[in-house]
Amino acid sequence: MAEFDIGKHCHIESCNLKDFLPFICDSCSGVFCLEHRSREAHSCSEEPVKRETLTVGGIKSYPCSFEDCKGKELLPVICPQCEKPFCLSHRHQDDHKCEKLEVPKQRMAATKKLVQKIVESKDTSKAKGRRGAKNSATAAKVALMKLKLHAAGDKGLPQTERTYFQVYLPKESKNSSQPMFFCSKWSVGKIVDFAASQANLKNNNNVLTAKKLRLCHPETGEAFQMDDTLLSLLSQPETPLYNGGNVILEYLDNECTGLEDVSEYVTQT
């Protein structure tokens, strides 16, 4: 399947991060990533455009202009075409039925169909050989857009070091999965400890006789070594992990080297 270009690069030269959901400054009309979307973060030289705001409990918020939407944002998210404020869910032209939408409806329908096809290809259980790896990589790129909006992690990490995953939790957990991001320089052991803390999981990895919480590959079920680095897992030639892809957390016996059936986890959503 041919790859297509999604997103734009941040206009901050020292950043230049490609964001799949870029922000457009309503003052200078520049394109920025999440980290540099505020006027202070990108040192905006233009005067801010005055917009209608709501004040709740002393905190200003910007209501979404889309019909019947009650969403609000602490910072204005302005459509560069119709110049109206919207929430993150309705920020794109096709999402808020922009009156100045220039993309033909037929083309939009074809694009949505293509994206849907890519999302469906996330089911890697039927994929084979290099074709399956290519489908996994493409599906991860699409999933990455949503993960960046909802993933939990260390907010102090630089954007360039963040790697996002949909983390499938142990069978006994209340939730089946949770979006998280980790530092690409971390070891698997540190990732397991951090993920357990984020998901409020019991972690007895320091108890010799207890079952160990292990990080496993979403396709092969292989349990990674605790001293492996995330960077090495992303770059390994065979069955690599993908930024925006899946990983599985599960309690395993000390002698166990992996999961027998990964479909019990990944097919839950």
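1. Start with Y164. Its relative accessibility is 4%, so Y164 counts as buried. This is a predicted model, and the values below are all computed from it.

2. What partners the ring of Y164? The partner is F181, in a tilted aromatic pair. The ring centres are 5.3 Å apart and the planes make an angle of 45 degrees. Y164 belongs to strand β8 (residues 162-168) and F181 to strand β9 (residues 177-183), so the pair ties together parts 17 residues apart in sequence. F181 is buried too, at 2% relative accessibility.

3. Next, F182 and F194. Their rings form an edge-to-face pair, 6.1 Å centre to centre, with 85 degrees between the planes. F182 sits in strand β9 and F194 in helix α3 (residues 188-198). That pair links distant parts of the chain, 12 residues apart. Both F182 and F194 are buried.

4. Where do the rings gather? Ring pairs join F165, F182, W186 and F194 into a cluster. The aromatic pairs in the model number 5.

5. The nonpolar core deserves a look. The largest one has 34 residues. V167, F182, L201, L215 and L249 have the most contacts inside this core. Elements giving it two or more residues are α2 (129-150), β8, β9, α3, β10 (212-216), α4 (230-235) and β11 (245-252). Which element gives the largest share of this core? Helix α3 does, with 6 residues. As background, nonpolar side chains in soluble globular proteins tend to be buried together.

6. L201 is one of the core residues with the most contacts. Leaving aside residues up to four places away in sequence, L201 touches L169, P170, S173, A196, L213, L249 and Y251. L249 in that set is also among the most-contacted core residues.

7. Now the charges. How many salt bridges does the structure hold? There are 2. One joins K185 to E161, with the closest N and O atoms 3.3 Å apart. K185 lies in the loop between β9 and α3, and E161 in the loop between α2 and β8. The two are 24 residues apart, so this pair links distant parts of the chain. K185 is exposed, with a relative accessible area of 59%.

8. The other salt bridge joins K171 to E264. Here the closest N and O atoms are 2.4 Å apart. K171 is in the loop between β8 and β9, whereas E264 is in helix α5 (residues 263-266). K171 counts as exposed at 53% relative accessibility. E264 counts as partly exposed, at 38%.

9. F23 lies in strand β3 (residues 23-24). Is F23 buried or exposed? At 7% relative accessibility, F23 counts as buried. The charged end of R91 sits over the F23 ring, 4.4 Å from its centre. Contacts of F23, not counting residues up to four places away in sequence, are G30, V31, F32, C33, L34, R37, L88 and R91. F23 and R37 are 14 residues apart in sequence, with their C-alpha atoms 5.9 Å apart in space.

10. M145 is a residue of helix α2. At 16% relative accessibility, M145 counts as buried. Which residues does M145 touch, not counting those up to four places away in sequence? They are I6, F20 and L21. M145 and I6 are 139 residues apart in sequence. In space, their C-alpha atoms are 9.5 Å apart.

11. Finally, the cysteines. The model has 0 disulfides. The cut-off is 2.5 Å. C10 is buried, at 4% relative accessibility. C69 is in no disulfide either; its nearest cysteine sulfur, in C64, is 3.8 Å away.

Definitions and conventions
Residues numbered from 1 in each chain as written. Predicted model: local features only at pLDDT ≥ 70, side-chain atom pairs only at ≥ 80, totals over all residues. Heavy atoms only, no water. Phe/Tyr/Trp six-rings, centres within 6.5 Å; stacked < 30°, edge-to-face > 60°. Helix = DSSP H or I, 4+ residues; strand = E, 2+ residues; numbered from the N terminus. Buried < 20%, exposed > 50% of the residue type's maximum accessible area, 1.4 Å probe, protein only. Lys NZ or Arg CZ within 6 Å of the ring centre and 35° of its normal. Core = buried A, V, L, I, M, F, W, Y, C linked by side-chain atoms within 4.5 Å. Contact = heavy atoms within 4.5 Å. Salt bridge = Lys/Arg side-chain N within 4 Å of Asp/Glu carboxyl O.
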